[in-house]
Amino acid sequence: MRNAKGVLFVVFLLFGMFVTMQFRTVLLAQQQNTAGESQVQSLTAELEQAKSEGIKLLEKLQKLEKEKDEIMRQISNDGNPVINELLDKKYELQVINGLTDVRGSGVIITLNDAPARNEMDPEQLIIHDMDIVKILNVLRAAGAQAIAINDERIITTSRHFCAGPTILINQNRYPVPYVIKAIGDPDELYNAVEQNEAVIIMKIYDIQVDIRKESEIIIPKYKTYKNIENMISGLEVVEK
Amino acid sequence: MKFFKEAALTVVCLLLGIVIAMQYRSVKVNTSLAVYEQQRVNDLIIDLLREQENNQQLQKRIDELQRDLENLRTGTNTENETIQALRKENEQLEILAGLKTVKGKGIIVTLESTDKTAIDDNNILAVLNELRAADVQALAVNDERIIATSEVRRAGSYMIVNGRKLLPPYVIKAIADPEKLENSLTVMAGVVDMLKYYNIKVDIKKDDNIIIPAVRDDGTIIRYDLLTPVD
């Protein structure tokens with residue numbers, strides 16, 4: 001009998017300890033959550049501020065670049081044919097490099113994740129980086145002359161990706177939907193994308209793929225955060 | 001009496017068990033929540049740092065431009081200096097466009113099929129994409145320069161790049177800022193594993209003297225006749 005009382009005593013002791021522990025964990029977790037939450041909030045606010053500052057700086061930069069071009073034009077109008085020729089060449093090279101806004105006809109492809117379904121692996125419902133790599137490749141093969149994803153101009157060295165819930169293009173992160181614009185022959189681009197294996201597979205998985213021909217698309221220029229000099233810093237010209 | 005005591009003991013032990021289980025689960029949920037929270041904080045910090053770095057670069061370029069403009073306005077620059085500056089700018093733009101043969105430090109990635117099947121274009125695209133993610137500055141597949149409009153298509157047992165037939169093995173050359181080079185090697189490790197699965201042997205070599213030829217400039221690869229500049 002005394003034995004049973006002893007057991008009971010120990011069990012209640014443990015019980016009490018557990019209740020206290022549970023209570024404390026819950027309390028702690030709540031504290032942690034609010035701490036994490038406020039950190040997320042302050043970081044988000046800071047990020048938004050940095051982004052809007054970036055937009056302002058970019059606008060200022062573009063204004064200054066335009067001003068510089070205008071002054072150069074004036075100088076060349078004063079009658080220096082060499083400057084004139086060099087300016088024309090510069091403009092052409094800027095178009096080739098995706099450093100000017102351009103307009104033309106082509107296609108707009110909108111991609112969105114498939115609606116969630118319980119029985120499916122969520123991995124199969126989202127758009128992967130290779131899906132986008134393949135679509136860009138198809139567009140290039142079909143003669144696209146300018147391509148942008150969510151208005152980020154794709155240039156030779158454009159880093160894209162880490163798709164998943166978001167996409168990282170030219171250092172900027174975007175959520176779905178992904179809007180790919182391409183200027184070229186609309187029919188050729190449309191047919192190439194429509195018949196592409198990767199696109200057909202995406203459609204089978206219910207990923208939303210919308211392809212539209214457009215007679216007028218504007219594709220913005222590549223946002224050069226760096227100097228051109230920094231973009232080619234590792235390259236030494238070899239004269240042939 | 002004895003029955004009552006035993007019953008009480010059973011009930012208490014049962015409750016104890018339930019409480020232990022609950023405690024365990026709530027701790028587990030809390031940890032996974034904390035991990036998720038931490039991930040979000042990390043992502044935000046990375047984004048913030050990138051954005052701040054971008055802004056710094058922008059400010060630097062604005063300062064430079066303002067100096068240039070000042071010099072142009074006050075006529076400090078002679079016409080000769082203006083011509084020199086323009087020539088330099090144009091050369092940089094030509095390098096960026098792939099119109100110059102270039103040399104630099106980088107890596108060479110060679111892909112070779114270990115069975116009789118042809119290497120798929122997707123595998124080459126995957127390698128190119130990973131290399132771009134590591135900030136490469138010039139790229140080529142079997143010395144065909146990869147530019148913004150270059151395609152990589154498999155046709156039977158060979159590959160078409162820039163409209164030209166390439167035969168295996170495929171040698172991908174990349175020149176990068178040496179500081180970023182280590183990055184690209186790390187990134188490549190994942191791709192190598194993926195390619196092994198497709199029976200492709202991957203050889204990665206660092207090289208300090210990689211030469212990448214200019215893009216063929218015959219009007220077939222660099223095309224912009226359909227682009228109207230917008231002001």
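# A tour of the predicted two-chain model

Start by selecting A:Ile135, A:Leu139, A:Ile147, A:Leu189, A:Val193, B:Ile124 and B:Ile175, which touch the most other members among the 83 residues of the largest nonpolar core. Such a core is a set of buried Ala, Val, Leu, Ile, Met, Phe, Trp, Tyr and Cys residues joined through C-beta atoms within 7 Å, where buried means that 20 or more other C-beta atoms lie within 10 Å of the residue's own, exposed means 12 or fewer, and partly exposed is in between, with C-beta atoms placed from the backbone. Helix H3 of chain A (residues 129-141) gives this core its largest share, seven residues; helices (H or I, at least four residues) and strands (E, at least two) are DSSP runs numbered from the N terminus.

This is a predicted model, in which local features need pLDDT of at least 70 and side-chain atom pairs count only at pLDDT 80 or more, while totals for chains, interfaces and linings use all residues. Residues are numbered from 1 along each chain as its sequence is written, and chains are lettered from A and ligands numbered from 1 in the order in which they are written.

Next, show both sides of the contact between the chains, which takes 90 residues from chain A and 87 residues from chain B, a contact being two C-beta atoms, placed from the backbone, within 7 Å. On the side of chain B that touches chain A, the largest share, 36 residues, comes from H1(B).

Now select H1(B) itself, residues 2-74. The expected span of a helix is 1.5 Å times one less than its number of residues, so the 73 residues of H1(B) should span 108 Å, and its end C-alpha atoms, 107 Å apart, agree with that. Within H1(B), the residues B:Asp47, B:Glu51, B:Asn54, B:Leu58 and B:Arg61 are buried. After the helix comes B:Gly75, whose phi is positive, near 70°.

Finally, visit some loops with backbone features worth checking. Most residues other than glycine have a negative phi, and most peptide bonds are trans.

- In the loop between strands E5 (172-175) and E6 (178-183) of chain A, find A:Pro177; the peptide bond to A:Pro177 from A:Val176 is cis, with omega near 0°.
- In chain B, the bond from B:Pro168 to B:Pro169 is likewise cis, with omega near 0°.
- B:Asn142 has a positive phi near 45° and counts as partly exposed because it has 16 C-beta neighbours inside 10 Å.
- B:Asn162 has a positive phi near 55°, but counts as buried because it has 21 such neighbours.
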